[in-house]
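The exercises below are meant to be worked with the sequence and the model open side by side. Try each task before reading its solution.

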Amino acid sequence: MLTYLARRILIMVPTLIAISIITFIIIQLPPGDYLTTMINEMQSQGENVDQSKIDALRAQYGLDRPMYVQYFHWATGLLQGDYGYSFEYQLPVADVVGDRVFLTFVLNFATIIFIWVVAFPIGIYSATNQYSLGDYGLTFLGFIGLATPNFLLALILLYLANIWFGTSIGGMMDPKYLDQPWSGEKVMSVLEHLWVPVVVIGTSGTAAMIRRLRANLLDELQKQYVVTARAKGLHPFKALMKYPLRMSLNPFIADIGNMLPQVISGSAVVAMVLSLPTTGPMLIGALQSQDMYLAGSFLMFLALLTVIGMFISDLLLAVLDPRIRLGGGTNR
Amino acid sequence: MNDQLTPLLRVRDLQVGFDLPGGELLAVNKVSFQVRAGTTVALVGESGSGKSVVSQAIMGLLPPTAQIRNGSILFADDRKKGTITDIARLHRDGKAMRQIRGGQISLIFQEPMTSLSPLHTVGNQIREALELHRNVSGREAQELTEDMLRMVGFPDPARALRTYPFELSGGLRQRAMISMALICRPSLLIADEPTTALDVTIQAQILKLMKDLQAELGMAVLMITHDLGVVANMADDVVVMYRGRVMESGTREQLFRDPQHPYLKALMAAVPRFNMEPGERLVPIREIKSETGHLLAPTESDKAPVDSKKPILKVENLSKCFTIRQGAWLSSDESKVYALDDVSFEVLPGECLGLVGESGCGKTTLSKTIMRALTPDQGAVTYADQDGEIDVLGLDGDRLTDFRQKLQFVFQDPFSSLNPRMTVFDIVSEPLVIHGIGDDAYRREMVSELMKLVGLDARHLNRYPHSFSGGQRQRIGIARSLALKPRMLICDEPVSALDVSIQAQVLNLLKDLQEQLNLTYLFISHNLAVVDYIADRIAVMCAGRLVELAPREELFRNPVHPYTKALLRAVPDPSLDNPLDFESVMDSRCSIPSEWPAPFTVSEETHPRLIDLGDGHFVRADESALTLRLAS
């Protein structure tokens, strides 16, 4: 058990190193760097750019040095907790990201809870009442949820929220609380704004989840052990909860690994439409302007979360499923 | 116990209908029978006869599409004297039904692997049944569960409580299942094919266990089975079902001594028995006619005199070892298992060599090794016919492909061995296409001849496998294996997935084909009666070793090896004159090589070899010790 854990953690190290190299190369692939982007922008606005000043800046940021030197500079910085400097925001990366990560986390965590709370009862109902009117109706609704473009739904809900509840358009809170310290009212305002993005981002996830849960559960319901449980005299609902539902959970636990990075970075498009102060739009901006340390450090953070998430879901799977814990290839 | 006059369970004019898209199907039609307290009633029939539907109706576990149309199921609960409940009128999931289910009537199934949840411990699942019906404290429940596990023969019940079903062998799983069904001391146990998925030796143990427990707990058993051998050994009364109706019912003596209904007579004639006359044929319920056409008839070169003493297939010292990783968390706790250990035998041209053994004994590994699907660690396989000798294990590339025309394979499962997306024509002609034999016209003619050969209508060539029954599919599989005109077939459990009546049909077909086409068979089976019917010589395998090899009569008359003896003792014979000797049914030690008595023991120190006892009878034993024993 302990050796397994140690091995898993050790494997993470080369994985992360490989990811960091690939990330860095991909960010550097487009011609030029942040300064060329900046110069182009200034020139297009008719401003003159002093070449000597640019050279000075380039030397200051180390952009004139070969790529591998830049990589080592960045990578060693990462190890010491220095995520580099954002050219665009003129701030250390940690300060740029810090604020947004919290709100992003709140938003996406709420979304996941929303998905689970809505999808589980519906999925279970659909599976246990297969081909009933309710199943067809919910399936239909689910497909609508899958097919509706998120941004469209976002605009409609924003409009409705505004005329019905007087919620201000866009953002995660009323503009007057921006840059204010946290207070009870500010929290209320966040909650008031939260539901629109949660519903918008959640619908497609919910629909997908319902379909998957229904399919998994339908497979399990056919199994003999369900009949065994009922033959013992167990109430059908209790039997459902204890046996087939538990069996059909594995894919969802395995999914936690993907969910963790999504909690931080997901839903960029919706966030831009709703002008939410989350990390998604920031990452896109940083990639566009070749703000390499911001983009690189953020992508590394996501990679770390993915690796840790996978580790957690593997552990959870082993804890919850004795076949994985004890099986270990005994089949012949 | 109740007096014998009120039966425990009375089923009267039961009708169960299924709502299908094409209309209603009456799966059970006017079925009546009764089960007296403490007795065993066997419900016998082929698959599709509706016997399982009857059990589901009694348990209130019918699928949602099925409805009880008519009739009653009267259950006289001997705990509440004098009350009679009509199960047919109870709500399926209502409280009253749930109390009967698991409390007074319990159920065990055929497939012990899938009928327990793999995510919960055995103890948890057994206790659950107890806690649903008895008001017991957690501690009491724990103790009662442990007692029950001890009663069904778990060597270490306290540990068994914490094991998961997948950690147990098939036999132990079925024991766990039985303890779960019996923990509430039901007055009726419904056993739905309880031993069909088990090996004969394990089957005998489980049957003995059920008999012992029945005597101890005084419960009645409704046993659903297609195996007349099990019926002859277990039942007091027998009910024979066919297509949803009761054909005949009565006591075991009446039915076995003097069957009245033609269906029952036919069923009895279709089961292979040990004491069959030489040359006696099984009589399948639906006989098929096999015809050879001009393409398949043996050619002159086939008829050329063959040296019948020169083996067509020679297997020498074949060994194959599998490494198994075991233990928690992928820790490298490796153990080696010999699937084949020094296996040698010869198959003579034109004969049928039967290979018998329980699951996991290595018989399938052996067949796969001969077919070159697995590579052995050591040993040699030589094939020889008029065209010369072939070192099978040394073949590669084109020569291996050419060799496949001489040796073909018939699979066990007629369902998964045919591609559901190919028509029968494509399936049967595929070997010809792969080997580039003949043109379109030849293939068309060959395929329709093959279909006639296995007794199928050549007009059905454009159909897909799903429109054929299990027996018909198996015949399609046989036709496919004969398309290349091989000289030898390896049949791996070709009839074990089929009903008795279909089994007889396919066995007869194989026998006829052998004669018509001059074929040689290596026939693998776990069923001794089947092997007895078809084979000329029989080889017995256990734990990767060939333990005994003898001509058929010799093996049955004079078995020498303890494992062969145990195997022969464990087979239930479908007649009343030869009952199973439950007393001599051992625990599972008879299949552990290190537990065999002295001259046969296989362990670190002793490595017995095959010894010739004369008349083609070989046994694996320590030579010096055996001669002493036989002399004395």
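The model is a predicted one, and its chain B contains 21 helices and 22 strands.

**Exercise 1. Decide what the radius of gyration of chain B says about its overall form.**

Solution. Next, look at the extents, where the C-alpha trace of chain B spans about 80 × 60 × 50 Å along its principal axes. Finally, consider the contacts in chain B between residues at least 6 apart in sequence, of which 69% join residues at least 24 apart.

**Exercise 2. Work out why helix H3 of chain B is described as largely enclosed, and state what covers its buried residues.**

Solution. Helix H3(B) runs over residues 122–133, and because nine of its twelve residues are buried, it is largely enclosed by the rest of the structure. The buried residues include Val122(B), Ile126(B) and Leu130(B), but also Arg127(B) and Glu128(B). The cover over them includes helix H4 (138–151), helix H5 (157–160) and helix H6 (170–182) of chain B.

**Exercise 3. Find which residues have the most contacts inside the largest nonpolar core, and follow one of them to its partners.**

Solution. The largest nonpolar core has 185 residues, and those with the most contacts inside it are Leu43(B), Leu188(B), Met223(B), Leu450(B), Ala479(B) and Phe523(B). Taking Leu450(B) and leaving aside its neighbours within four places in sequence, one finds it in contact with Val428(B), Ala479(B), Leu482(B) and Ala483(B). Apart from this core lies another, of 18 residues, among them Tyr34(A), Val97(A), Ala295(A) and Leu299(A).

**Exercise 4. Describe how helices H5 and H8 of chain A pack, and decide whether Leu191(A) is buried or partly exposed.**

Solution. Two packed helices are described by the angle between their axes and the distance between the axes. Here H5(A), residues 93–128, and H8(A), residues 184–221, pack at an angle of about 35° with their axes 6 Å apart, and their crossing is right-handed. The contact between H5(A) and H8(A) has 20 nonpolar, six polar and one charged residues. Leu191(A) lies in helix H8 of chain A, and because it has 13 C-beta neighbours inside 10 Å, it counts as partly exposed. Its C-alpha atom is separated by 8.3 Å from that of Met172(A), which is 19 residues away along the chain.

Conventions. Residues numbered from 1 in each chain as written. Chains lettered and ligands numbered in written order. Predicted model: local features only at pLDDT ≥ 70, side-chain atom pairs only at ≥ 80, totals over all residues. Axes fitted to C-alpha atoms, helices over the stretch in contact; angles between N-to-C directions. Helix = DSSP H or I, 4+ residues; strand = E, 2+ residues; numbered from the N terminus. Left-handed = near helix turned anticlockwise from the far one by under 90°. Nonpolar A, V, L, I, M, F, W, Y, C, P; charged D, E, K, R; others polar. Rg over C-alpha atoms; globule rule 2.2 N^0.38 Å. Contact = placed C-beta atoms within 7 Å. Buried ≥ 20, exposed ≤ 12 C-beta atoms within 10 Å, placed from the backbone. Core = buried A, V, L, I, M, F, W, Y, C linked by C-beta atoms within 7 Å.
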